[in-house]
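Try each task yourself before you read the solution.

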Amino acid sequence: MAVRAIHTPLLLCTMALLLTGLVSPSTAGLSLDTVREFLTREEDTIVFSLIERAKYPLNRPAYAPLHFGAGAGAEPDRHLNASFAELFIRESEAVQSKAGRYQSLQEIPFFAYRVPFTLAPLYNFTRDLYPAAAFVNVNDAIWSMYFNELLPLLAKNGDDGNYAVTADADLACLQVLSRRINYGRYVAEVKFRGDQQTYTSLIQAKDRDALMKLLTSEAQEDVVKRRVEKKAIVFGQSITLDGPIQTDVNNSSQANFKVDPSVVYKLYDQWVIPLTKQVEVEYLLHRLD
Amino acid sequence: MDAAGGEQLSLAAVRDALVRLEDSVVFALIERARHPRNAPAYAPAAAGGGHSLVEFFAGHYQKPEDVPFFPQDLPLPLFPTKPSPKVLHPFASLVTVNDAIWKMYFDELLPLFTVDGDDGSYAQTVALDFACLQVLSQRIHIGKYVAEVKFKDAPQDYSRLIKAKDSNSLMDLLTFKAVEEKVKKRVEKKARTFGQNITLEDNATAGDSECKVDPKVLSKLYDQWVMPLTKDVEVEYLLRRLD
């Protein structure tokens with residue numbers, strides 16, 4: 001599994017702060033309850049952002065490698081490897097990076113930026129994560145999953161020319177999916193603290209399978225999947241003044257949903273939950289470094 | 001919003017867009033309400049050079065289709081978008097009330113639906129503010145399309161008032177109290193539905209206090225600001241329509 005390192009200055013800064021004792025790894029605030037609360041709230045955000053992306057059609061030209069037209073005497077067919085969407089996202093992340101978005105470690109950008117300083121006011125973030133493991137993330141897999149698997153299921157075929165707002169909507173989806181899935185680091189941290197002995201021996205044995213088993217609760221996963229599907233139904237319905245509020249799918253209402261609830265179920269079942277657990281396992285494997 | 005390739009602009013299409021945008025407005029407010037006020041993000045010197053973080057973000061605005069908040073700072077689009085059919089009158093289409101929206105959002109609305117406090121996530125907060133501003137701006141400036149459709153429907157009635165520069169009568173002609181009441185109630189219902197805490201148990205109607213955003217804030221937002229500003233846009237558009 002490929003992991004992408006977040007840019008070094010941020011990591012060095014965090015470690016420097018820890019070493020000087022200015023910021024102490026806080027145990028206050030992080031618990032199984034707060035972790036569950038956070039993940040549950042993220043479900044709403046994920047459903048909202050999928051609904052907003054589904055407003056626009058697929059808009060494939062936004063994802064094609066950019067070509068710069070050849071004028072007279074220019075090199076024929078010069079093109080970047082990046083698409084409009086990628087460039088848009090890189091630019092947006094760079095701006096947000098400068099504004100301090102990635103200071104807290106809760107979010108990890110998809111691209112690395114050389115940001116010498118942040119314009120944001122200083123804030124004393126509690127450092128809940130074990131520093132040597134905090135870098136673990138699956139942003140590469142999320143990026144690939146989003147564009148290659150999810151988007152075709154989410155958006156209708158077509159092209160309305162609104163590439164900028166489309167890419168902006170993609171970014172919102174990517175950011176929340178990344179935050180939710182990479183939150184596995186916090187889940188793993190809480191679980192580790194809750195049973196250090198068991199986890200330590202498995203980590204020392206590098207027993208990925210046993211760790212995965214320990215982290216998996218199918219009953220809980222089932223609850224999550226059904227709840228997020230219900231949210232897709234409730235948030236994605238067309239609300240009229242006189243009409244009823246729907247909370248489940250019935251035949252007559254199928255056509256009216258802004259996003260297919262079964263796609264949201266599948267998203268969690270095939271990608272969000274498995275990828276989150278991958279993050280948890282990888283985080284734990286670095287927890288004793 | 002632009003009309004799909006070549007189709008005539010219709011009141012139904014415009015109304016559909018307005019209704020769909022209600023959902024977007026509610027989502028955007030719910031997401032912003034997740035964070036407290038985070039006042040340091042709006043402090044003047046936060047971003048250096050005397051600018052707040054909000055203004056820093058605005059300088060990097062990159063949406064050619066929507067009405068930009070700082071037109072003079074707009075960077076060139078990286079990629080030419082598809083030309084949209086020209087349905088609006090070119091001069092009248094330049095109408096903008098973004099200054100009023102900006103002021104309304106930060107001075108009036110934000111205190112109504114965010115709690116006091118500071119969680120340090122300033123960049124995220126400002127990004128969410130921008131999502132709110134953009135969707136509000138989009139909704140309100142659809143007034144231009146509303147005005148265009150109405151003008152085409154009854155050009156003589158409107159022309160008479162436009163030539164007389166009779167803003168008040170134009171405003172009367174554009175106002176339908178019954179429709180506005182429906183909009184307010186519907187957006188309140190949406191806030192109640194989208195802002196509720198969803199569990200797998202059958203949801204008995206939870207109180208509004210458990211709602212992620214107070215439904216009354218949404219109906220006030222539409223009643224006091226969104227609908228009046230939209231009509232301001234319609235009137236301003238019409239006053240330039242014969243130029």
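## Exercise 1: Where the two chains meet

Between chain B and chain A, 18 residue pairs are in polar contact, counting pairs with both residues at pLDDT 80 or more. Keep in mind that this is a predicted model.

**Solution.** 
- Step 1: count residues in the contact on each side: chain B brings 47 and chain A brings 51.

## Exercise 2: Area and charge

**Task.** Find how much area is buried between chain B and chain A, and how many salt bridges cross the interface.

**Solution.** 
- Step 1: the size of an interface is often given as the accessible area lost when the parts come together.
- Step 2: for chain B and chain A the buried area is about 4400 Å², and carbon and sulfur atoms give 64% of that.
- Step 3: turn to the charges, where the rule finds five salt bridges across the interface.
- Step 4: zoom in on Arg34(B), which forms a salt bridge with Glu42(A); their closest N and O atoms lie 2.7 Å apart.

## Exercise 3: Chain B by itself

**Task.** Describe the make-up of chain B, then pick out what helix H6 packs against.

**Solution.** 
- Step 1: tally the elements, and you get nine helices and zero strands in chain B.
- Step 2: check burial; of the 243 residues in chain B, 51% count as buried.
- Step 3: take contacts in chain B with a separation of 6 or more, and 81% of them come from residues 24 or more positions apart.
- Step 4: go to helix H6 (residues 155–163) of chain B, whose buried residues are Tyr158(B), Ser159(B), Leu161(B) and Ile162(B).
- Step 5: see what those residues pack against: helix H5 (143–153), helix H7 (167–174) and helix H9 (215–239) of chain B.

## Exercise 4: A tyrosine in a loop

**Task.** Is Tyr113(A) buried or exposed?

**Solution.** 
- Step 1: locate Tyr113(A) in the loop between helix H3 (84–98) and helix H4 (139–154) of chain A.
- Step 2: Tyr113(A) has a relative accessible area of 11%, and the cut-off for buried is under 20%, so Tyr113(A) is buried.
- Step 3: compare positions with Val95(A), 18 residues away along the chain; the two C-alpha atoms of Tyr113(A) and Val95(A) are separated by 9.8 Å.

Notes
Residues numbered from 1 in each chain as written. Chains lettered and ligands numbered in written order. Predicted model: local features only at pLDDT ≥ 70, side-chain atom pairs only at ≥ 80, totals over all residues. Heavy atoms only, no water. Contact = heavy atoms within 4.5 Å. Buried area = accessible area lost by both parts, 1.4 Å probe. Salt bridge = Lys/Arg side-chain N within 4 Å of Asp/Glu carboxyl O. Polar contact = N/O pair within 3.5 Å; in protein donor to acceptor, adjacent residues only side chain to side chain. Helix = DSSP H or I, 4+ residues; strand = E, 2+ residues; numbered from the N terminus. Buried < 20%, exposed > 50% of the residue type's maximum accessible area, 1.4 Å probe, protein only.
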